[in-house]
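Subject: Handing over the structure

Dear colleague,

I am passing on to you the structure that I have been going through, and below it I have written down what was found. Please read the notes with the structure open beside them.

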Amino acid sequence: MTSTALPGGIWTMGDLDVSRFGYGAMQLAGPWVMGPPADHAGALAVLREAVELGIDHIDTSDAYGPHVTNRLIREALHPYPQSLKIVTKVGANRDDQGGWPTARDPESLRRQVRENLDRLGLDTLDLVNLRLGDGQGQVQEPIAEAYGTLAELREQGLIRHLGVSNATAEQVAEARSIAPIVCVQNMYNLAHRDDDALIDELAADGIAYVPFFPLGGFSPLQSAALSGVAGRLGSSPMSVALAWLLRRSPNILLIPGTKSVTHLRENIAGAGLELSADDLAELDKIGR
Ligand SMILES: NC(=O)c1ccc[n+]([C@@H]2O[C@H](COP(=O)([O-])OP(=O)(O)OC[C@H]3O[C@@H](n4cnc5c(N)ncnc54)[C@H](OP(=O)(O)O)[C@@H]3O)[C@@H](O)[C@H]2O)c1
């Protein structure tokens, strides 16, 4: 299968053409994103199947595990197919309790970029997101020093493109005043639509919006309206949730996570569902 066969078609980020349907690797690590996977061979199989099915962008971070998902990606897929783009993020460490302490001072960011390059076995990172916020959500604070550090690393050729994550609209604007961004990765799904206006603004400027927790994350989406639409279409709630995101705006890229090859295949097939005006009206009741 080529990437054009995936639902949603292609989106261009800077000089990178990617299928709108990607894969998020976070859930491949152990419980609460700490430690190794329960099923190492199964995790490798999911990554290989994703690429086999035409997925050409994988979202990761060296904080997942920590170090676990980057090592799995390298073990499963290196040497990487030329078409594969690996998107990582920097800005947080992990502590022994599974917390995500902020690490956005220049020295920490330079170290994280180096570690991503080493663990993934790359000379250049295709796309690095600066992870903002405090682990609980967005925090309205200046980002110039941290984003400026990544912009320098981009100038040095260690990073091809930049994005921001957990960012407020003001922080997106501040980043753009320092160096171009090609994507914003924030929490968004059928039940959490705080970023509606931001998505539309970014779409108008040709910038991708990559929702994390597209299926609800650690608590997958559940709602009577979602189940009702899925039942009517003979599909699953997860499929409807993904199809709705692809339909929501052309700049939305999907990075649903799964440890299961079966779910991966279901998600690809399901995201191509056609939703009628009645379905959309029903789904609009969720999260309102
Ligand atoms: N920037 C940030 O701060 C940030 C934060 C969180 C996540 N992320 C990124 O976003 C990506 C996506 O987030 P996520 O994986 O945490 O959440 P998600 O994609 O919303 O949901 C993943 C959950 O849905 C389940 N699932 C997937 N497909 C399913 C299906 N067909 N049927 C039933 N259950 C299904 C998975 O379980 P199974 O494994 O059993 O399929 C898993 O528990 C992550 O991989 C990560 O790369 C970024």
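Four bridges join β5 to strand β6 (residues 125-131), and the two run parallel; two strands are said to pair if DSSP finds at least two bridges between them. In β6, Leu-130 is the bridge partner of Val-90.

Please keep in mind that this is a predicted model, in which local features need pLDDT of at least 70 and side-chain atom pairs count only at pLDDT 80 or more, while totals for chains, interfaces and linings use all residues. Residues are numbered from 1 along each chain as its sequence is written, and side-chain values use heavy atoms, with hydrogens and water left out.

Strand β5 covers residues 85-90, and six of its six residues are buried, where buried means under 20% relative accessible area, exposed means over 50% and partly exposed lies in between, with a 1.4 Å probe and protein chains only. In a regular strand the side chains alternate between the two faces of the sheet. In β5 both faces are covered, with Lys-85, Val-87 and Lys-89 buried on one side and Ile-86, Thr-88 and Val-90 buried on the other.

On another pairing of β5, strand β4 (residues 57-59) joins it in the parallel sense over three bridges, and Asp-59 stands opposite Val-87. Between these two strands the chain crosses through helix α2 (residues 68-77), and this β-α-β crossover is right-handed, a term used if, with the strands pointing away from the viewer, the path from the first strand over the helix to the second runs clockwise. A right-handed β-α-β unit is also made by β5, helix α3 (residues 106-120) and β6.

These strands belong to an open sheet of seven, in the order β3-β4-β5-β6-β7-β8-β9, with parallel pairing. The edge strands are β3 and β9 (208-209), each of which pairs on one side only. Further along the sheet, strand β7 (residues 159-165) and strand β8 (residues 183-185) run parallel and are joined by three bridges, with Gly-163 opposite Cys-183.

Gln-185 lies in strand β8 and counts as buried, because its relative accessibility is 3%. Not counting residues up to four places away in sequence, Gln-185 touches a set of residues that includes Asp-59, Lys-89, Asn-129 and Ser-165, where contact means heavy atoms within 4.5 Å.

Which residues come nearest to the ligand? Of the 25 residues around the ligand, these are Asp-59, Ser-165, Leu-215, Thr-258 and His-263, and a residue counts as near if one of its heavy atoms lies within 4 Å. An oxygen atom of the ligand is 2.5 Å from an N or O atom in the side chain of Thr-258, and an oxygen atom of the ligand is 3.2 Å from an N or O atom in the side chain of Asn-166. A polar contact is a pair of N or O atoms within 3.5 Å; within protein, one must be able to donate a hydrogen and the other to accept it, and residues adjacent in sequence count only if both atoms are side-chain atoms. Taken alone the ligand exposes 900 Å², of which the protein buries 87%, with areas from the Shrake-Rupley method and a 1.4 Å probe, and for residues only the protein chains shown counting as cover.

Is Thr-258 buried or exposed? Thr-258 is buried, because its relative accessible area is 7%, and it lies in the loop between α8 and α9. The side chain of Thr-258 reaches the backbone nitrogen of Ser-260 at 3.0 Å.

Ser-260 in turn caps the N-terminal end of α9, with a side-chain oxygen 3.2 Å from the backbone nitrogen of Thr-262. Helix α9 (residues 261-270) has Leu-264, Asn-267, Ile-268 and Gly-270 as its buried residues, and these pack against β3 (23-24), α1 (40-52) and α8 (237-248). From α9 also comes the largest share of the shell around the ligand, three residues.

With best wishes
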